[in-house]
Amino acid sequence: MQRVTGGVAVIPMLALLFIIAVLLAQAWPAILLNGGGFFTHTSFDLGNTYGAIVNTHGVRHPQGASYGVLGWALGTVESSAIALVLAVPVSVFAALAISERLPAYLGRVVGLFLGTLAGIPSVIIGLWGALTIGPLLAHRVYPLLAHLAPKVPVLSFFTGGTGNGQGLLTSGIVLGVMIIPIVASTTRDLVHSVPKLPKEGGEALGMTDWEVARRVTLRWVGPGIVGASVLGLARALGETMAVAMVSGVVLSGSPGSIFAPITTIAATIVTQLDSAFTDTSGFAVSSLAEAGLVLVLITLAVNVAGRLLVRRVASTALPVGRGV
Amino acid sequence: MSLSKRALAAVLVAAGIGLAACGSSSPPSGVGSTSATSGSATSASGSTVSAGSVPGTDLAPPSGTVNLSETGSTLLYPLFQAWAPAYHAAYPNVTITPQGTGSGTGISQAEAATIDVGASDAYLPPSAFTQYAGIENIPLAISAQQINYNVPGIHGHLKLSGQVIAKIYTGKITNWDDPAIKALNPGVSMPNLTIVPLHRSDGSGDTFIFTTYLTDSAPADWTAGFNTTVSWPSVAGALSAEGNGGMVTTCAKTRGCIAYIGISYHSQTQAAGLGEAMLQDKAGDFVLPDMATITSEAAGFIAKTPANESLSLVYGPAANGYPIINYEYAIVMTKQSSASTAQAIRAFLYWALDKAHGSAPRFLDAVHFQPLPPSVVALSDAQIAKIQ
């Protein structure tokens with residue numbers, strides 16, 4: 001029995017290794033030909049697919065084909081970062097409210113809504129973002145933000161034309177909505193798991209409810225919140241359909257402002273795979289596989305960084321002994 | 001190559017990166033019997049295809065049970081959806097399963113033999129014929145592309161030229177009251193409204209023929225080339241949408257929008273209240289896409305259509321010819337896994353091109369396609385006869 005469970009536990013590991021191996025094999029011609037330039041510029045140019053197929057360094061490709069992942073990777077990381085910045089505070093407050101402040105029945109109702117939100121297909125959220133909330137924000141809210149932001153370095157990123165609702169900020173907001181249920185429900189379960197004793201101790205010392213929440217409960221679950229955020233971040237990085245619908249899918253160039261259209265690696269792959277199939281040399285598909293590999297590596301890096309962070313926070317931040 | 005492509009697709013799905021469903025898992029087609037009689041009948045009829053007409057014997061599929069799968073162009077998909085049950089009703093032993101996935105998928109899966117018939121809006125490039133020995137692109141019908149707009153207060157059809165549209169999509173013309181648009185539409189009071197150019201976010205045969213039109217009609221203004229995906233010049237406020245359905249919905253929601261939408265979505269663009277532009281053809285006339293203008297544009301290309309039928313029909317010299325039309329292609333490999341599959345594909349394609357059957361108005365009118373001219377049908381028939 002033990003041997004069986006051990007064998008089953010290896011499956012996820014094998015699956016990941018298999019995915020990376022196949023992506024690597026597919027991407028190999030692109031890695032050879034795209035070289036380091038793949039990471040330093042932004043481009044999706046199939047080249048002259050109606051011309052002759054040429055051979056460079058042993059790799060067949062249409063004349064003029066050019067691929068660069070920089071902008072797509074930046075779009076992926078930036079939109080996910082915006083989502084995290086928006087979703088984590090909302091989620092933590094929601095979790096505290098559900099478990100500490102709201103009457104139990106109301107907490108259950110809010111929890112039900114969170115669960116339902118988590119279950120909405122991303123294409124529906126994408127539709128809502130593209131047809132309703134994106135245009136609304138772009139016409140009513142973004143102009144205010146762009147007007148208020150000072151024209152100084154860094155903050156000037158928040159100025160400029162606000163477009164018609166497709167872009168970096170809209171993508172971040174839509175992604176934020178999508179990861180709130182993940183971060184909030186995980187945080188809620190963590191808050192539930194905080195033992196009564198330290199909280200009562202805090203109250204006995206004359207702390208208010210808010211002070212107990214801030215100084216005891218939050219400190220107690222701090223590492224867990226980091227872990228929950230990493231879960232949400234991983235979801236945001238890989239989200240595909242919703243971003244394909246609200247990002248604008250701009251395949252070349254990097255956004256000059258937070259309102260500008262972008263693309264992400266996942267959205268690029270899902271929208272461009274069919275076009276890539278028209279490249280008979282297979283170079284376009286290979287380049288998309290290389291981009292997929294970059295996404296897998298970004299996700300891996302986020303997970304490793306998250307684990308390290310959890311360990312750091314866990315070893316320094318706990319105010320009370322764990323074994324209470 | 002084909003195996004690794006499928007493996008990649010499987011991995012992308014597994015990785016959760018997301019990908020539209022790949023090849024159907026239907027069993028290998030052509031399960032049915034291949035009697036000696038039907039085989040010989042086929043080879044006899046295959047060699048006696050006459051120009052412009054389809055002998056009745058060609059329409060007979062094999063007698064056993066046959067499943068044919070089709071995937072590719074989402075523009076052709078509604079037509080295949082109408083054809084499949086009608087064909088099954090006529091020949092109950094033949095089942096056709098259509099899928100709308102995209103032209104690139106149709107081409108690559110036909111080449112890999114994971115499906116029997118691929119569908120594409122774009123003609124095959126010369127490299128495809130050397131890369132995939134025995135691949136054919138066989139025109140089934142003629143489609144067209146509308147240029148639609150959402151400009152409140154404009155009744156009737158705005159006149160636009162390739163040059164003006166190219167300048168809009170490159171950000172050189174940004175307002176509907178631009179002098180260049182006014183010059184094409186004397187007497188029309190153009191509103192002061194920012195133009196929102198809309199393009200496809202997914203790879204698309206529509207993008208292919210639209211950018212071909214811009215390349216051919218405005219080479220000085222449009223330098224991004226033509227393909228199923230191009231690097232769109234950055235235009236402030238520009239939007240993208242997925243699929244023709246997404247184009248209609250987004251354009252209807254966006255004041256000032258201009259969009260390119262397949263003619264098979266004509267009823268949807270009308271229902272959404274979008275305007276439909278009269279386009280300037282090479283001869284200088286402004287024309288709407290209808291039976292007369294599409295037929296007259298296509299007529300200019302009949303003599304130019306080569307034996308392999310790979311040809312752009314965009315921006316031809318015909319007077320009163322609508323400038324954005326294209327052949328809708330079936331992508332088929334000449335070498336099939338079995339004689340009965342080959343016979344079934346031939347019989348179905350002959351049926352599809354027959355004006356009494358698949359190319360009858362009751363099928364084509366619903367998607368606003370036009371039937372092929374008789375001499376192009378003859379070329380298609382000759383290509384179909386090679387499927388063995």
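Gln336(B) sits in the loop between strand S12 (325-333) and helix H12 (339-353) of chain B. Helices (H or I, at least four residues) and strands (E, at least two) are DSSP runs, numbered from the N terminus. Gln336(B) counts as buried because its relative accessibility is 14%. Buried means under 20% relative accessible area, exposed over 50%, and partly exposed in between, with a 1.4 Å probe and protein chains only. Which residues does Gln336(B) contact, leaving aside its neighbours within four places in sequence? They are Asp116(B), Thr341(B), Ala342(B), Ile345(B), Ile387(B) and Gln388(B). Contact here means heavy atoms within 4.5 Å.

A word on the model. It is predicted, so local features need pLDDT of at least 70 and side-chain atom pairs count only at pLDDT 80 or more, while totals for chains, interfaces and linings use all residues. Residues are numbered from 1 along each chain as its sequence is written, chains are lettered from A and ligands numbered from 1 in the order in which they are written, and side-chain values use heavy atoms, with hydrogens and water left out.

Stay in chain B and turn to strand S6 (residues 196-200). S6(B) is mostly covered, with 5 of its 5 residues buried. In a regular strand the side chains alternate between the two faces of the sheet. Here Val196(B), Leu198(B) and Arg200(B) point one way. Pro197(B) and His199(B) point the other way. All of them are buried.

S6(B) has partners. Two strands pair if DSSP finds at least two bridges between them. S6(B) and strand S7 (residues 239-241) run parallel, joined by 3 bridges. In that pairing, Leu198(B) stands opposite Leu239(B). S6(B) also pairs with strand S8 (residues 257-262), in the parallel sense over 2 bridges. There, Pro197(B) has Ile258(B) as its bridge partner.

Another sheet of chain B is open and has 3 strands, in the order S5-S10-S11, with mixed pairing. Strand S5 (159-160) and strand S11 (286-287) stand at the edges, each with a single partner strand, so one side of each has no neighbour in the sheet. Strand S10 (residues 278-280) runs antiparallel to S11(B), and 2 bridges join them. Gln280(B) is the bridge partner of Phe286(B).

Now take chain B as a whole. It has 14 helices and 12 strands. Of its 388 residues, 58% are buried. Among its contacts with a separation of 6 or more, 74% join residues 24 or more positions apart.

Chain A has 11 helices and 4 strands. Its C-alpha atoms fill a box of roughly 80 × 60 × 35 Å along the principal axes. Of its 324 residues, 47% count as buried. Contacts between residues at least 6 apart in sequence join residues at least 24 apart in 78% of cases.

How do the chains meet? 40 residues of chain A are in contact with 48 residues of chain B. The area buried between chain A and chain B is about 3600 Å², and carbon and sulfur atoms give 60% of that area. Buried area is the accessible area (1.4 Å probe) that two parts lose on being put together, summed over both. Which three residues supply more than any other three of the area that chain A buries against chain B? They are Tyr50(A), Phe277(A) and Thr280(A), which supply 21%.
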